[in-house]
Amino acid sequence: MAKASVLNQQISVQVKDLPEKEKLEVLSFIEYLKIREDRLFIDYVNARTHAASNAKKRGEHFSSLEELQKEYA
């Protein structure tokens, strides 16, 4: 936890010293990272849902959302 606190402090100091235009770029990049992570998870869930649907059609085990989330983490 202490490492995260130090990292947050370093990020805050570095961003604080940037010009406004670059601060906006930092915010845009953070949003990009969040969207990319969301996209990766969405793609993962879509692929697993497709596989689970096919398994269900074959009479095999159908993964629940909780199982998918546990497997992804």
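Q: Which residue does D43 form a salt bridge with?
A: This is a predicted model, in which local features need pLDDT of at least 70, side-chain atom pairs count only at pLDDT 80 or more, and totals for chains, interfaces and linings use all residues. Residues are numbered from 1 along each chain as its sequence is written, and side-chain values use heavy atoms, with hydrogens and water left out. A salt bridge here is a side-chain nitrogen of Lys or Arg within 4 Å of a carboxyl oxygen of Asp or Glu. For D43 the closest N and O atoms are 2.8 Å apart, and the partner is R39.

Q: How are D43 and R39 separated in helix 2?
A: Helices are DSSP runs (H or I, at least four residues), numbered from the N terminus. An α-helix has 3.6 residues a turn, so residues three or four places apart point the same way. D43 and R39 sit four residues apart in helix 2, so the separation is about one helical turn.

Q: Is D43 buried or partly exposed?
A: The cut-offs are simple: buried is under 20% relative accessible area, exposed is over 50%, and partly exposed is in between (1.4 Å probe, protein chains only). R39, its salt-bridge partner, comes in at 43% relative accessibility and counts as partly exposed. D43 has a relative accessible area of 39%, so the label is partly exposed.

Q: What is the distance between the end C-alpha atoms of helix 2?
A: The expected span is 1.5 Å times one less than the number of residues. Helix 2 has 38 residues, so it should span 56 Å. The model agrees, with the end C-alpha atoms at 55 Å.

Q: Which residues in helix 2 are buried?
A: Of the 73 residues of the protein, 8% count as buried. I30 lies in helix 2, but with a relative accessible area of 37% it is partly exposed. The buried ones in helix 2 are Y44, V45, A52 and A55.

Q: Which residues does H61 touch, leaving out those up to four places away in sequence?
A: H61 is in the loop between helix 2 (20–57) and helix 3 (65–72). At 56% relative accessibility, H61 counts as exposed. Taking contact as heavy atoms within 4.5 Å, H61 touches A55 and E67.

Q: Which helix has the highest confidence?
A: The score is pLDDT, the predictor's confidence in each residue, from 0 to 100. The protein averages 82, and 89% of the residues score at least 70. Confidence is lowest in helix 3, at a mean of 71, and the top mean, 87, goes to helix 1.

Definitions and conventions: Helices (H or I, at least four residues) and strands (E, at least two) are DSSP runs, numbered from the N terminus.
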